[in-house]
Amino acid sequence: IPLAAYERFRGPLTDVIFAVENGNVPNIDNVVERYQALITELPPLNRQLLLYLLDVLAVFASKSDLNHATTERLAALFQPAILSHPDHRSVPLDMQKNQDVLVFLIESEIFHNAQY
């Protein structure tokens, strides 16, 4: 995910967390639609690579009972290469937020209905 899109990719999940913290039920379908829109805005090669990586990570995570590669572990491992900011590399809260975004993208299987 290009640096120019970094904050936009963190936004939808930030809104979900804010809603939950304030006792509201977030509309997950809306969040998925927002991420789909963000993905369509990526340059074609970035978009294709991101969707491919999400698909591969979801396959590995689906076999976590055999390979111990849970979505959270995969997100922690791949987050620096997929969603990172040079100013946030040593900030644990920012790194965790980025991992949470990646977990959401993997678990929502956003790539399955991709018409990008």
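This is a predicted model: local features need pLDDT of at least 70, side-chain atom pairs count only at pLDDT 80 or more; totals for chains, interfaces and linings use all residues.

Student: OK, which helices do the buried residues of helix 6 pack against?
Tutor: They pack against helix 1 (6-21), helix 2 (28-41), helix 3 (44-62) and helix 5. The buried residues themselves are Asp 94, Asn 98, Gln 99, Val 101, Leu 102, Val 103, Phe 104, Leu 105 and Ile 106.

Student: At what angle do the axes of helix 5 and helix 6 cross?
Tutor: Roughly 115 degrees, and the axes come within 8 Å. Angles of 65 to 115 count as roughly perpendicular, so that is how helix 5 and helix 6 sit relative to each other. The crossing is right-handed.

Student: Which residues make that contact?
Tutor: From helix 5, Thr 71, Glu 72, Ala 75, Ala 76, Phe 78, Gln 79 and Ile 82; from helix 6, Met 95, Asn 98, Gln 99, Leu 102, Val 103, Ile 106 and Glu 107. They divide into eight nonpolar, four polar and two charged.

Student: And what follows helix 6?
Tutor: Glu 109, with a positive phi near 50 degrees.

Student: Switching topic: where is Ala 69?
Tutor: Ala 69 is in the loop between helix 4 (64-67) and helix 5.

Student: Is Ala 69 buried or exposed?
Tutor: Buried, with a relative accessible area of 14%. Leaving aside neighbours within four places in sequence, Ala 69 is in contact with Phe 60, Ala 61, Ser 64 and Leu 74.

Terms used
Residues are numbered from 1 along each chain as its sequence is written. Side-chain values use heavy atoms; hydrogens and water are left out. Axes are lines fitted to C-alpha atoms, for helices over the stretch in contact, and angles run from 0 to 180 degrees between N-to-C directions. Helices (H or I, at least four residues) and strands (E, at least two) are DSSP runs, numbered from the N terminus. Angles under 35 degrees count as roughly parallel, over 145 as roughly antiparallel, 65 to 115 as roughly perpendicular and the rest as oblique. A crossing is left-handed if the near helix is turned anticlockwise from the far one by less than a right angle, and right-handed if clockwise. Contact means heavy atoms within 4.5 Å. Ala, Val, Leu, Ile, Met, Phe, Trp, Tyr, Cys and Pro count as nonpolar, Asp, Glu, Lys and Arg as charged, and the others, Gly among them, as polar. Buried means under 20% relative accessible area, exposed over 50%, partly exposed in between (1.4 Å probe, protein chains only).
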